[in-house]
Amino acid sequence: MKFSSRVVSASAAVLPLVNAFPAKLYDVIANDPQIAARTIELAKTLQGRQTGADAATALFEPVPQFNAADQYIDVSEGSGHEYVAPGPDDLRGPCPGLNAMANHGFLPHNGYATISQYIDATTTVVGMGPQLAGFLSILGAAIDGDLTAWSMGGTPSVAQGGLLGPLGNGLSGSHNKYESDASPTRPDLYEAGNDYITETGQFQDLINYCPGGQVDLDCLTDFRSYRFDQQIANNPYFFNGPFSGVAVQPAAYTFIFRYMANHSAEYPVGYLSYDTIASWFGIEGTNGNYNAVQGTERIPDNWYRRAQAYPYELEYFISDLINAAVLHPKFINIGGNTGTVNTFTGVSVTNLTGGLFNLQTLLEGNNLGCFIYQLSAQAKPDALLGALDTLTDTIGKLIAPLSCPQLEAIDESQLEQFPGYTKKAVYS
Ligand code: HEM
Ligand SMILES: *[C@@H]1O[C@H](CO)[C@@H](O)[C@H](O)[C@H]1NC(C)=O
Ligand SMILES: *[C@@H]1O[C@H](CO)[C@@H](O)[C@H](O)[C@H]1NC(C)=O
């Protein structure tokens, strides 16, 4: 399938999915002319102050604040949000954050939810910015669901509200679209036959990268670099996709600190202890004796989310993403192994984008943001046409204020040399 006929267009007509998106929020995103200027300004500021993976913190949280009553997430007995383990029919997948929210009834316990429910839960419980929540939730509905709802695990049954047909395989079934290689605690699909089961050993590796009792963005970024190299050395089909690799893989690491850390007057930016991260990931035991128990992701007792005065919003996430790429440029090297281990080959961004971007210009201004939005619409051939049209329209609205250079086409033949891209997904 060539993408060229479904170019991201800023002027496309309003389609059904857009109506499903809360109108007020939608207007904020579509009509905010500040976003473009702000993104350029941020990129410039960041260029002068690359001090580490968390260089963006001081920029976005200049006056850290803490309000206990406002930030407390009550999951105690009787709160209505106590932990309830998933039953055999409940859908759970590669995302520990969403799994935990379903276990606590902040999302439907069966794991199948609407765009609005995902937006409400993520903005309220962990302080995700509304634009980022809207983008991620709409994308889920468009590439893994039925345009209005999607599963955080596998294909929903009809009893759960799912539709019959090829749409709606959920996050676990979206390898290379949403689900990416080199995840923190999940194996690569073609390495293990699954992309969502938590591996105790990978969790222990993460902790080993973060000595001293706490997990921060610097050690997570180092751990990501290690995981990237480890998968090149172990997975003959390792693939760092244009969207799944460049944009989702970093989220799988930065979300750990930005959304799972506990907040307090002493640590207003967040403190992520081993116990807190273990709870969120459904890990029993202590350092050296961990044991992942699938399905037991829990929001810790006495946990305080980030302040909503500075939610973790799109521009904050993109700044973290750029910081990580400056430290480890391989992160934005689109490509993969060519069928045997240690054969990582990168494609030319110039060739991929018909000359629009190159690796240099990708890090300039708001180009990386544009590229990510535009590439999120790059889906595998199993996606239906209607979904793609709706998605590209929605993405078009989101990026309109960025004045992105028009991406005419993605030359998919550039990616076809990678078996990790062309291989048909098989799910256990
Ligand atoms: C609507 C919002 C969200 C969507 C669509 C989403 C989607 C995903 C997807 C597709 C993955 C798999 C990526 C991979 O293969 O590495 C993932 C992983 C992950 N997500 Fe989410 N997510 C959302 C919200 C959250 C939130 C709120 C948190 C934190 C509380 C979170 C934390 C994580 C983490 C830590 C991983 C990596 C898991 C691992 O491999 O160890 N996500 N998410
Ligand atoms: C979060 O921090 C507060 C203040 O230090 C503390 O009372 C609470 O137990 C912490 N919660 C977790 C889950 O560590
Ligand atoms: C990009 O395309 C040019 C012209 O077709 C070709 O010579 C070059 O090898 C390509 N670069 C990569 C990395 O594929």
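## Exercises on ligand contacts and salt bridges

A polar backbone atom of Asn302 lies 2.7 Å from a nitrogen atom of ligand 2. The model in these exercises is predicted.

### Exercise 1: Ligand 2

*Solution.* 

Step 1. Begin with the side chain of Asn262, where an N or O atom is 2.4 Å from an oxygen atom of ligand 2.

Step 2. Consider the area. Ligand 2 taken alone exposes 360 Å², of which the protein buries 54%.

### Exercise 2: Ligand 1

State how many residues surround ligand 1, and which of them are the closest.

*Solution.* 

Step 1. The count of surrounding residues is 27.

Step 2. The closest are Cys95, Glu179, Ser180, Ser183 and Thr185.

Step 3. Examine the polar atoms. In Glu179, a polar side-chain atom is 2.6 Å from an oxygen atom of ligand 1. In Ser183, an N or O atom of the side chain is likewise 2.6 Å from an oxygen atom of ligand 1. In Ser180, by contrast, a backbone N or O atom makes the approach, at 2.8 Å from an oxygen atom of the ligand.

### Exercise 3: Arg186 and Glu297

Explain why Arg186 and Glu297 count as a salt bridge, and locate both residues in the chain.

*Solution.* 

Step 1. Apply the cut-off. The N to O distance between Arg186 and Glu297 is 3.7 Å, and the limit is 4 Å, so the pair counts as a salt bridge.

Step 2. Locate the partners. Arg186 is in the loop between β3 (149–151) and α9 (189–192), while Glu297 is in the loop between β6 (291–292) and β7 (303–304). The pair links distant parts of the chain, 111 residues apart.

Step 3. Both Arg186 and Glu297 are buried.

### Exercise 4: Two further salt bridges

Compare the salt bridge of Lys330 and Asp229 with that of Arg258 and Asp320. Are the residues buried or partly exposed?

*Solution.* 

Step 1. The closest N and O atoms of Lys330 and Asp229 are 3.0 Å apart. Lys330 is in the loop between α14 (314–327) and β8 (335–336), and Asp229 is in helix α11 (residues 217–234), 101 residues apart.

Step 2. Lys330 has 23% relative accessibility and therefore counts as partly exposed. Asp229, at 39%, also counts as partly exposed.

Step 3. For Arg258 and Asp320, the closest N and O atoms are 2.9 Å apart. Because Arg258 lies in helix α12 (residues 244–260) and Asp320 in helix α14, the pair ties together parts that are 62 residues apart in sequence.

Step 4. Buried means under 20% relative accessible area. Arg258 is at 1% and so counts as buried. Asp320, at 2%, is buried too.

Step 5. These pairs are among the four salt bridges counted in the model.

### Exercise 5: Gly173

Find where Gly173 lies, and decide whether Gly173 is buried or exposed.

*Solution.* 

Step 1. Gly173 is in the loop between β3 and α9.

Step 2. The relative accessible area of Gly173 is 10%, so this residue is buried.

Step 3. From Gly173 to Leu189 the separation is 16 residues in sequence and 10.0 Å in space, C-alpha to C-alpha.

Technical notes:
Residues are numbered from 1 along each chain as its sequence is written. Chains are lettered from A and ligands numbered from 1 in the order in which they are written. This is a predicted model: local features need pLDDT of at least 70, side-chain atom pairs count only at pLDDT 80 or more; totals for chains, interfaces and linings use all residues. Side-chain values use heavy atoms; hydrogens and water are left out. A salt bridge is a side-chain nitrogen of Lys or Arg within 4 Å of a carboxyl oxygen of Asp or Glu. Helices (H or I, at least four residues) and strands (E, at least two) are DSSP runs, numbered from the N terminus. Buried means under 20% relative accessible area, exposed over 50%, partly exposed in between (1.4 Å probe, protein chains only). A polar contact is a pair of N or O atoms within 3.5 Å; within protein, one must be able to donate a hydrogen and the other to accept it, and residues adjacent in sequence count only if both atoms are side-chain atoms. Accessible areas come from the Shrake-Rupley method with a 1.4 Å probe; for residues, only the protein chains shown count as cover. A residue is near a molecule or strand if one of its heavy atoms lies within 4 Å of it.
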